[in-house]
Amino acid sequence: MGAPSALPLPLLLLLACRGAPGGATPSQDDSQPWTSDETVVAGGTVVLKCQVREHEDSSLQWSNPAQQTLYFGEKRALRDNRIQLVKSTPHELSISISNVALADEGEYTCSIFTMPVRTAKSLVTVLGIPQKPVITGYKSPLREKDTATLRCQSSGSKPAALLTWKKGDQQLNGEQTRVQEDPNGKTFTVSSSVTFQVSREDDGADIVCSVIHESLKGADRSTAQRIEVLYTPTAVIRPDPPHPREGQKLLLHCESRGNPVPQQFLWEKQGSEPPLKMAQERALLFPFLNKSDSGVYGCTATSNMGSSKAFYTLNVNDHSPVQSSPSTYHAIIGGVVAFIVFLLLILLIFLGHYLIRHKGTYLTHEAKGSDDAPDADTAIINAEGGQPGSDDKKEYFI
């Protein structure tokens with residue numbers, strides 16, 4: 001039986017170079033290593049992990065996209081302090097790359113030098129972080145009903161970022177994000193613009209341009225442009241107190257809003273000439289209200305953008321207190337009378353009690369006095385030295 005013929009050279013090369021694709025899981029071949037694809041943000045750290053079940057007394061090796069060996073087992077092969085050994089065993093080789101740059105992106109190869117050589121690929125994707133957006137095109141100040149166009153731009157994103165617009169909490173419909181490749185050929189510059197009509201409610205509002213990108217992991221990266229809108233003033237008159245009465249002090253406040261803020265106020269009363277007051281103060285003072293002050297008053301607030309007029313009708317009410325109703329009056333009188341009757345009743349009770357006690361004492365003393373005192377006739381007889389019934393009786397009046 002003849003010797004077996006040698007395998008063709010192309011087939012040998014194919015067997016020697018066969019490997020598992022990136023992110024492969026363990027296969028039925030126990031000597032086949034496996035890895036996983038990784039995504040890392042520029043400036044971050046990535047860990048490359050290669051594992052094998054049966055090493056066949058051979059060491060694992062990591063090499064970069066340029067096929068430079070990084071580690072062979074626990075031995076460093078490339079002098080790059082960013083690359084460090086994490087774990088080295090016969091069944092695993094893990095390394096880390098810190099401060100990852102866009103140039104580090106690509107396919108990394110894990111190899112085990114068995115017969116044939118087996119390899120596994122790990123695709124490392126590096127995300128470019130978009131720069132803080134810049135807003136241009138704002139022309140200050142804007143006037144009410146003007147149309148404004150703002151432009152937003154952000155560079156350095158990979159893949160290309162998305163731009164959105166908001167006015168306060170309101171979403172603005174900007175144009176579709178435009179994408180342009182940066183000179184480095186790896187990152188992108190994105191831009192967008194938005195056009196809207198302004199109103200007086202937009203004065204002081206923030207127009208916000210935000211970048212949406214997976215490298216930010218939900219973090220906010222936005223720029224705000226505060227806009228100023230010039231508009232004509234508005235005016236309203238507020239009385240203090242709200243319901244003035246005759247004899248009271250009254251202030252009429254001319255409350256106004258505008259940009260610029262009104263600086264001149266003209267007070268007038270219909271049917272009265274000339275104007276009552278023209279000054280920078282917002283209030284009209286009535287030190288002591290009279291019924292003759294009743295009427296319609298107007299306040300005109302003026303700024304560089306125009307003027308606005310407000311009116312207030314003043315009705316001066318009588319200062320006398322409100323009359324009580326008959327039922328209320330009768331109730332008050334009835335209450336007073338009931339109180340007086342109650343006091344008299346209390347007084348009579350005490351007086352009766354007092355008289356009863358002292359009358360008993362007086363009668364007792366009177367009875368004792370009548371038993372002990374001599375009779376009147378006896379007193380007269382004794383005074384004469386005779387007996388009762390004598391004809392020579394004399395009367396003495398004591």
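Lysine 158 lies in the loop between strand 13 (147-157) and strand 14 (162-167); strands (E, at least two residues) are DSSP runs, numbered from the N terminus. The model is predicted: local features need pLDDT of at least 70, side-chain atom pairs count only at pLDDT 80 or more, and totals for chains, interfaces and linings use all residues. Residues are numbered from 1 along each chain as its sequence is written, and side-chain values use heavy atoms, with hydrogens and water left out.

Lysine 158 counts as buried because its relative accessibility is 13%, buried being under 20% relative accessible area, exposed over 50% and partly exposed in between (1.4 Å probe, protein chains only). Its side chain forms a polar contact of 2.5 Å with the side chain of glutamate 105, and the side chain of lysine 158 also reaches the backbone oxygen of valine 126 at 3.1 Å. A polar contact is a pair of N or O atoms within 3.5 Å; within protein, one must be able to donate a hydrogen and the other to accept it, and residues adjacent in sequence count only if both atoms are side-chain atoms.

**Disulfides**

The structure holds three disulfides, each a pair of cysteine sulfur atoms within 2.5 Å. One joins cysteine 50 to cysteine 110, and both of these residues are buried.

Another disulfide joins cysteine 152 to cysteine 209, with an S to S distance of 1.9 Å; the torsion about its S-S bond is about -85°, so this link is left-handed. Cysteine 254 and cysteine 299 also form a disulfide, their sulfur atoms 2.0 Å apart.

How values were computed: Helix = DSSP H or I, 4+ residues; strand = E, 2+ residues; numbered from the N terminus.
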